[in-house]
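Have the model open in your viewer and your selection tool ready.

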Amino acid sequence: MSERVQVAVIGAGPAGLSAAIAAASAGAHVVLLDENRTVGGQFRYRSEDLLTDVSGEMASSPVEMLTQKALQAGVRIRTSCQVWGLFEDKVIGLEFGDSSAAVEAERVLLATGSVDRSLPFPGGSSPGVFTARALQILLNEYRVRPGRRFALIGEDPLTLELTRDIERAGGEVVVTYPNPPADLAASGDGGVNRMIGDGTEHRIDIIVVVAGRLPDAGLALMAECAAGYDEALGGYVPKVDDAMETSVPGIFPAGDCIGICDVSTALAEGTFAGICVAASLGLTSIDEVGAARERYVMATVNRAERLARVTGSFVQVDREPMGATAE
Amino acid sequence: MAMDTELSNAHGATRIPNPSDRLRSPSQQVTITFDGHGLPAYEGEPLIAALFIGGVRVLRTMPRTGEARGGYCLVGRCSDCMVVVDGVPNCRACATPVHEGMTVETQHGLGTWSAGDV
């Protein structure tokens, strides 16, 4: 890889793929980086139902279609390539296999997504306890069912999706607790096989913690982008202006990393941010940014609300302690 | 080679047949070892998948408490799945692709480096 790139898109999930396509289609030279073996982000492991929903809007397998579009637009895709740092002058630290490199990017588009929240309870770190996404990766991507009898802890629309995934894989959901019981505890030698909840003992092989998602904003924070705590967005997130640029010129985030959102929103926001990046390079007119914002916002009511939230003022706030809730 | 792990699959870990559009391109079957036990695996698949199918649950023990860990997030963030691969400690089983003859061991504590690796 050369030591300078025009646009580096970090993360090849829905937001990153659509951003790379939009920027490259406007004439930018785009490199799309992802730490995983294949592109797709949550498309790799979310349930068939979600893929069908999104395919309705997109007419074919989303990852395949987005990948083809990206390649046709001239995007260079690098997988198994982890970005471990974002420094001054938009220098990014890369690791691939046994080597490492520093690459300077004129523009950085962060689409680093989100990670699972955790839930502490006695025995909750034992083998056999997984986060929701971990289980979906095992079941739907790696095609491995890690046990037979499952317990689900947490209330989230995702518990329904997980239940279907488990049952399709031939597993059994023994118990679901929408709210973690006060006496929740797991035990077992060399991995969980018993769980206590509300005074009842359950024989289980696997416990799945469904505790929501946390924006993965590490690179933006490392680059000292102004950020704020917003519980509705999922935590401490970088703020953007109305053209999706952070307080650090040349850094544009999109998707879950600036606030947890659904897949359709991530796709649309990626497209908008990609056009903003192209405009900042003089490849697209400012009018086109306005039109793109209009298209992004008009799709659904809650997009306007989201845009208002993510474009908060550039006021640096103190980071909330772990587990704190904002009013 | 220490055989300190008894592999039982009472919990019923199993491979799931592939649905049509998520077919993992069939790759070559290879053999790896975990704490001396031979395990079948597919070339290039994430190591943690092969270990789970082989009945392995405990991947590491913690430096201070000795408590067992066996993978939690599967996306390379939590450090719970670190094992010793071909003598190199702190390899994330979720992010390490399998190769023929790979030697894997439970990691105890922080792990130790083989002479010549540093």
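## Stop 1: the sheet in chain B

Start with chain B, where five strands make an open sheet with mixed pairing, in the order 3-2-8-6-7. Two strands count as paired when DSSP finds at least two bridges between them, and strands (E, at least two residues) and helices (H or I, at least four) are DSSP runs numbered from the N terminus. Colour strand 3 and strand 7 (88-92) of chain B next: these are the edge strands, each pairing on one side only. From one strand to the next, the twist averages 40°, with axes as lines fitted to C-alpha atoms, for helices over the stretch in contact, and angles from 0 to 180 degrees between N-to-C directions.

Now zoom in on strand 6 and strand 7 of chain B, which run antiparallel and are joined by three bridges. Within strand 7 of chain B, B:Val88 is the residue opposite B:Val85.

A word on the model: it is predicted, so local features need pLDDT of at least 70 and side-chain atom pairs count only at pLDDT 80 or more, while totals for chains, interfaces and linings use all residues. Residues are numbered from 1 along each chain as its sequence is written, chains are lettered from A and ligands numbered from 1 in the order written, and side-chain values use heavy atoms, leaving out hydrogens and water.

## Stop 2: the largest core

Which residues touch the most other members of the largest nonpolar core? Select A:Val208, B:Ile32, B:Leu47, B:Ile48, B:Leu51 and B:Leu74, out of 47 residues in that core. A nonpolar core is a set of buried Ala, Val, Leu, Ile, Met, Phe, Trp, Tyr and Cys residues joined through side-chain atoms within 4.5 Å. Buried means under 20% relative accessible area, exposed over 50%, and partly exposed in between (1.4 Å probe, protein chains only). Helix 1 of chain B gives the largest share of this core, seven residues.

Centre on B:Leu51. Beyond its neighbours within four places in sequence, B:Leu51 has contacts (heavy atoms within 4.5 Å) that include B:Ile32, B:Phe34, B:Leu39 and B:Val104. Another core lies apart from the largest one, with 45 residues, including A:Val240 and A:Ile258.

## Stop 3: a loop glycine

Move to B:Gly44, in the loop between strand 3 and helix 1 of chain B. B:Gly44 counts as partly exposed, at 25% relative accessibility. Show A:Arg37, B:Pro97 and B:Val98 too: B:Gly44 touches these, not counting residues up to four places away in sequence. Between B:Gly44 and B:His99 the C-alpha to C-alpha distance is 6.2 Å, although they are 55 residues apart in sequence.

## Stop 4: hairpins in chain A

Select strand 4 (residues 82-87) and strand 5 (residues 91-96) of chain A, an antiparallel couple with five bridges. Three residues separate them in a hairpin, and A:Asp89 in the turn has a positive phi of about 60°. Strand 5 of chain A also runs antiparallel to strand 6 (residues 99-110) of chain A, with six bridges.

## Stop 5: aromatic pairs

Over all chains, the structure holds three aromatic pairs. Rings of Phe, Tyr and Trp (its six-membered ring) pair if their centres lie within 6.5 Å; planes under 30 degrees apart are stacked, over 60 edge-to-face, and the rest tilted. One of the pairs is A:Trp84 with A:Phe87, edge-to-face at 5.8 Å centre to centre and 70° between the planes. Finish at A:Phe130 and B:Phe52, also edge-to-face, 5.7 Å centre to centre with 70° between the planes. A:Phe130 lies in strand 8 (residues 129-131) of chain A and B:Phe52 in helix 1 of chain B, so this pair joins two chains. Both A:Phe130 and B:Phe52 are buried.
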